[in-house]
Amino acid sequence: MNDINCRMPVLALRGLVCLPDMILNFDVSRKKSIAALEAAMVKDQMIFLVTQQDPDEEEPSPEKLYRIGTMAKIKQIVKMPENMVRVLAEGKFRAEIDEMISLSPYLLADVIIHDTEDKVENENEAEAMREVLEEIIEQYQSAGTKFSLDIVKQLKQSGDIVRLTNHLCGNMPMHWQDRQKLAEKLDFRERYEELCRIMNKEYEILLINQEIQGKVKVRIEKNQREYVLREQLKLIREELGDDLMSEAREYEEKLENLKAPAVVKEKLEKEIRRFKTLAGNSAESSVARTYIDTLFEIPWSKSSRDNKDIDKAEKILREDHYGLEKVKERILEYLSVRLLTKKGDSPILCLVGPPGTGKTSIARSIARALNKKYVRISLGGVHDEAEIRGHRRTYIGAMPGRITAAVSQAGVRNPVMLLDEIDKVSTDYKGDTFSALLEVLDSEQNCNFRDNYLEVPLDLSDVLFIATANSLSTIPRPLLDRMEVIEINTYTQNEKLHIAKEHLLAKQMKANGIRSKQLTVSDKAIESMILHYTREAGVRGLERCLGDICRKTARMILQDGRKNVKVTDKNIEHFLGIRKYDYEEANDHNETGIVRGLAWTSVGGDTLSVEVNIMPGKGKFELTGQLGDVMKESAMAGISYIRSVSEQFGIDKTFFEENDIHIHIPEGAVPKDGPSAGVTMTTAMFSAITGIPVRADVAMTGEITLRGRVLPIGGLREKSIAAKVAGIHTVIVPEKNRKDIKELDKEITKDMEFVYASNMADILPVALESMPDLKTAGA
């Protein structure tokens, strides 16, 4: 080894390393570097190229330079724009900085040149070293790396392992830090081992990179393929006029903004993906489109804000309806609980009462009072379970059930939902509709109501259900148990008068274009309408009568030029025609064998006369007046009771064998049934047999037993109203109905005397003109 000391300019390289036998191109822009090049060109074109440790440092100090570099000869300098110089240099010998002489105007240093003639004396060792390098290069080539043909050619032709090693050190792709390590290896064998290590490391990195790039390429190719196919499909659909994809994009945008439970979003996402794959004009796409639209229309999280002013709610309820106090009280209780607890379960109410009593209209008023949306479902005649639960999507023309459709119609998840005429629901081979309603009207279950069409749970717990019915007899017990039943009774005459004056008349005048000054209807006229033109528990017929008057008034205003029309009880027949009904008033004098009874009908209460005749015969017992089986059995029980006590009243034993008894109840065309006329028929028979007249101002109701006991009956409110209208002041009722009488309005009980009877011994002394105390002889 011959080391030579020499003073020469120094040029710092950034991110590059120059090695012996290496041709290097690089650009220079720093002033010191350009000055060093100029100094070298003036002298012998030799310059010391050394790499700086930090490539980003603009003015590195001598300590920031590596010690070992390469003495190189400048082959070419080309001036470039913007004070840039491009240099072509050839590495000659390794060299090492001995001492830095000057830092300005360029770096000048004394360097030690290592002019070393490396060689491997042992040919076998040289051949083995050559084969190792050849194997590494073949690995690179098998990995697909485009190796320089010059390197491959030199590898095949060169027998000098030293020159080949130096050539690979300068031309193999590697990091500049690794190349600097090779530059610092002055010993050939150390340099050779370091080269092999670096090349193996780079080969492993190459394999990993190729694996990663392969995966990325496959993914990119797949994405590109899908993109191309999707664009082609889009173009085809545009040519065919199919806008399915635009619909799918709209659905996706809606889904992003939709506030709904996770299970609903997952279902929608799945259906939209499926929708994309369908042909635009196919029947299946139409089914999928309808289903997706239905899910989007349901207000999964949208709620209306309830009214929090309880006084305002009470005012609205009183404005819209006269009476119905129990319903109003229950709604105000519900609102009070909601205000205190901030939640509160929505009640499930069932309003039961005769037609025309305001059951349907009160539901609308409740919605207005609570500031809720109102939807109505008519259940009359519904006989298919699918009407409630919906049809499965496998059926052609499938659709959601009425409950789900009503929630969608309301647009909020907490409306007032009226289930009108729930007692008119029927059942057939298509399923039990009442059973389907069990889940809807159960507050423990309806939070997860499942419509067959939706296939996802729908929360109905915030819906305020109100059902209406005329009778509870047809509603199954399990369903009835889930509802809070509120009875709406027959309106009294005074209530009908108030309703007509405060609501119905104004409504009909507005509907027929009559101003308030153009029509006046007196209270007497309204009372006449109630008594003689309508016979009903509600007020529908009364409203029709007022409508007739308004229409006739409109005609009189236009044709006759009348500015004001007055309707009184004197001229009411001019508007409504002759009277349709006449209430049978109390008889003027007492009669034998005629007793006034009280009956309940679908249009309210009524009075009926029971007539009994005794005739010579053979002991026949006859019943006429279209009586039902229960009523006939009551008459049989009554006559058996009289026969059992006949001895105490001196009735001859042969009386019942020698005389026929005929019971008749007038209005024979009207069917009659029920046990409540039992005491009436018994009293009439007793009067006819004994010849004792019955008081004309007394009416009665109650069931009779074989031993003369009096059992409780229903419909007492309606029966009491009928007695009051008929002018009867004394009413005999069963003892066990005393609690029902206490609940009656004072308007009904005013000027009336109620006598409570436990057996016939309590009735006969009150009903007959003269009668001894029969408690000792009673049943």
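**Entry 1: a helix pair.** I began with helices H11 and H12, which I record as roughly parallel to each other. The model I am reading is a predicted one. H11 covers residues 325–341 and H12 covers residues 359–370; the two pack at an angle of about 30 degrees, with their axes 11 Å apart. Since angles under 35 degrees count as roughly parallel, the description follows from the angle of about 30 degrees. I noted the crossing of H11 and H12 as right-handed. On the H11 side, the contact is made by Val327, Ile331, Tyr334 and Leu335, and on the H12 side by Ile362, Ile366 and Leu370. Sorted by class, the contact of H11 with H12 has seven nonpolar residues, and neither polar nor charged ones.

**Entry 2: backbone geometry.** I next turned to the backbone. Most residues other than glycine have a negative phi, and most peptide bonds are trans.

Which residues does a cis peptide bond join? I found that it links Ser104 and Pro105, with omega about 5 degrees. Pro105 belongs to the loop between strand S5 (84–102) and strand S6 (107–115).

**Entry 3: positive phi.** I found that Asp21 has a positive phi, near 65 degrees. Asp21 sits in the loop between strand S1 (2–13) and strand S2 (23–28). I list Asp21 as partly exposed, at a relative accessible area of 37%.

Glu421 also has a positive phi, near 55 degrees. I located Glu421 in the loop between strand S9 (416–420) and helix H15 (433–440). Is Glu421 buried or partly exposed? I recorded Glu421 as partly exposed, its relative accessible area being 24%.

Terms used:
Residues numbered from 1 in each chain as written. Predicted model: local features only at pLDDT ≥ 70, side-chain atom pairs only at ≥ 80, totals over all residues. Heavy atoms only, no water. Helix = DSSP H or I, 4+ residues; strand = E, 2+ residues; numbered from the N terminus. Buried < 20%, exposed > 50% of the residue type's maximum accessible area, 1.4 Å probe, protein only. Axes fitted to C-alpha atoms, helices over the stretch in contact; angles between N-to-C directions. Parallel < 35°, antiparallel > 145°, perpendicular 65-115°, else oblique. Left-handed = near helix turned anticlockwise from the far one by under 90°. Contact = heavy atoms within 4.5 Å. Nonpolar A, V, L, I, M, F, W, Y, C, P; charged D, E, K, R; others polar.
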